Amino acid sequence: MEGAMDTLSLSGIKLDPVTLERIGRTLIRLALCVGHPELPDAPAGDFEQAMKKAAS
Amino acid sequence: MTVHALPPTIAGLRYLLANRWLSASEALDAQVAHLQAHAERYRCVTHLFGKPARIVEGGLLSGVGLAHKDIFDTAERRAGCGRLQGRPGLPAAGAATAIRRLESAGAAHLAALTMAEYACGATGETWPALQPVNPLDPELAVGGSSSGSAVAVAAGLCYASLGTDTAGSVRIPAATCGILGLKLTHGLVPADGMYPLAPSLDSLGILARSSPDAALVLASLGHDAHRALRFAAASDDGIAHHLLTQALPRIGSVMAPDVLDSDIAAALQEFIASLGKDKVVPLAVPEMQEMSRCAETLLHVEAAHQHWDRLRHRREELRPGTRAVTEPGAAIPALWYREALARRAAYVERVADQWFGAADIVLAPAMPLPLPDWSEVHTASPSFNPRRLLAMHSWMPFVNYLGFPSIVFPVGVDARNRPVSVQAIARPHGECALLAFAYRIERERYGKHGFAAPAEHVLVQQQADQKATYA
């Protein structure tokens, strides 16, 4: 929900918390019906490399 | 028949075993009986394994009883993951690597310990029958999700415990029970057999009352980065000596007094002042809020992925805390998830550059507010205060996002005489530096029995009266 609030406030749309929560629940309900359970592909990760560099 | 108390630390127990004043079998009998006698009082045990059929002699942890968060598969039982009825059946691939390594070192896995369901929760809130009791004060909340681990260690029901930390789940419970909690470097120990919450953030952790005890467990987990520690551990007092002979670290601090409760700020400032005037370099966490948001995004999406079938078809089976972590992940756009992953390496490089050029260890708050009562952070309580609950983990997830090791341990008390803990963070594989630092503080402030004396002492009966007294 915090992420959703950010997006909406960035767009200049003001919504009360109750409406926001209803939107959030709707999104979740729809996502669970039509969403894809696989995690999206991440870009080639250089996290491990950064960790190795930070360790040294 | 003579009755003695077992020493409060593993080092003390190893001394008795090495001098043959006690056998590993006698020590384990006493620890099992003790755990059985007190498990109900603290509600921290979900399954008792008891004394192992085969006792490994000569290992670093021979004769030492440990109990772990119920998130690890064992050869004979699937992890219960904080479910009321556990998860029936045998694990597909045997025991978790972490458990196997400790058992190879001679440790006895005495019990599986309570936890927030599926590791979702900054407190140990769960079904009443499984909700652990804080040995410091029954009114005081127990942090989660490795809640049973913190309670069992603080109560003295075991010497140390493995937990898991995805967004503070080792460090928060340790802080609420006044003991040490060490989150290991992400990926230090293979995660197989450890039920995942969010694999890109999940880390193994160790809860203990004393730094050398945690170091012995770390040495037994067998990563090459800690070969020197393992070598030192071979002799009785080798671990303590190894920790004390580490070079004094350069210390930095990212304390932000303006976001801390005045009591907490005063205790932490006193601690920093005690380290020496001008010895602590002021640093900052670059974009902490952004890193925390990225961690949150990874947590929600991966947790939703992990529990997708349950969310779609059996949502009512999940506790509210589990739903609060998993459900938002179903609706978070894939783009946000990819972005959170893509930014990670740059943040690691940036923070490492800013911090570790000037310091070996960076101090941060563990919790910005005093430890709460259950009545303030239990979501079913009439006086539930979400701000207090959020504060419990506000300084935690960015460390998981970076993948760095981190330790919390008590350094003072607040106005209600409850522990105030500090958090210390090091570069990847810097666990030994963290434990060495913690051990210096432990000795200076708490004496030889560790950060906390066990609430209950293990009593052992011996046949021979002439054996040394070591109570």
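By contact I mean heavy atoms within 4.5 Å. On that basis, the contact between the two chains takes 33 residues from chain B and 28 residues from chain A.

Two notes on conventions. This is a predicted model, in which local features need pLDDT of at least 70 and side-chain atom pairs count only at pLDDT 80 or more, while totals for chains, interfaces and linings use all residues. Residues are numbered from 1 along each chain as its sequence is written, chains are lettered from A in the order in which they are written, and side-chain values use heavy atoms, with hydrogens and water left out.

Let me begin with the interface. The area buried between chain B and chain A, that is, the accessible area (1.4 Å probe) that two parts lose on being put together, summed over both, is about 2,500 Å², and carbon and sulfur atoms give 68% of that area. There is one salt bridge between chain B and chain A, a salt bridge being a side-chain nitrogen of Lys or Arg within 4 Å of a carboxyl oxygen of Asp or Glu. B:Glu349 forms a salt bridge with A:Lys53, their closest N and O atoms lying 4.0 Å apart.

Which elements give two or more residues to the side of chain B that touches chain A? They are helix 10 (288–306), helix 11 (308–313), helix 12 (320–331), helix 13 (334–342), helix 14 (344–356) and helix 17 (397–402) of chain B. Helices here are DSSP runs (H or I, at least four residues), as are strands (E, at least two), numbered from the N terminus. Helix 13 of chain B provides the largest share, six residues.

I turn now to the interior. A nonpolar core is a set of buried Ala, Val, Leu, Ile, Met, Phe, Trp, Tyr and Cys residues joined through side-chain atoms within 4.5 Å; buried means under 20% relative accessible area, exposed over 50%, and partly exposed in between (1.4 Å probe, protein chains only). The largest nonpolar core has 129 residues, and B:Trp355 is one of those that touch the most other members. Helix 10 of chain B gives the most to this core, with nine residues. Among the residues that B:Trp355 touches are B:Val254, B:Phe398 and B:Ile425.

Finally, the backbone. The peptide bond from B:Gly144 to B:Ser145 is cis, with omega near 10°. B:Glu287, although not a glycine, has a positive phi of about 50°, and is found in the loop between strand 9 (280–282) and helix 10 of chain B. B:Glu287 counts as partly exposed because its relative accessibility is 32%.

Notes: Lists of a residue's contacts leave out its neighbours within four places in sequence.
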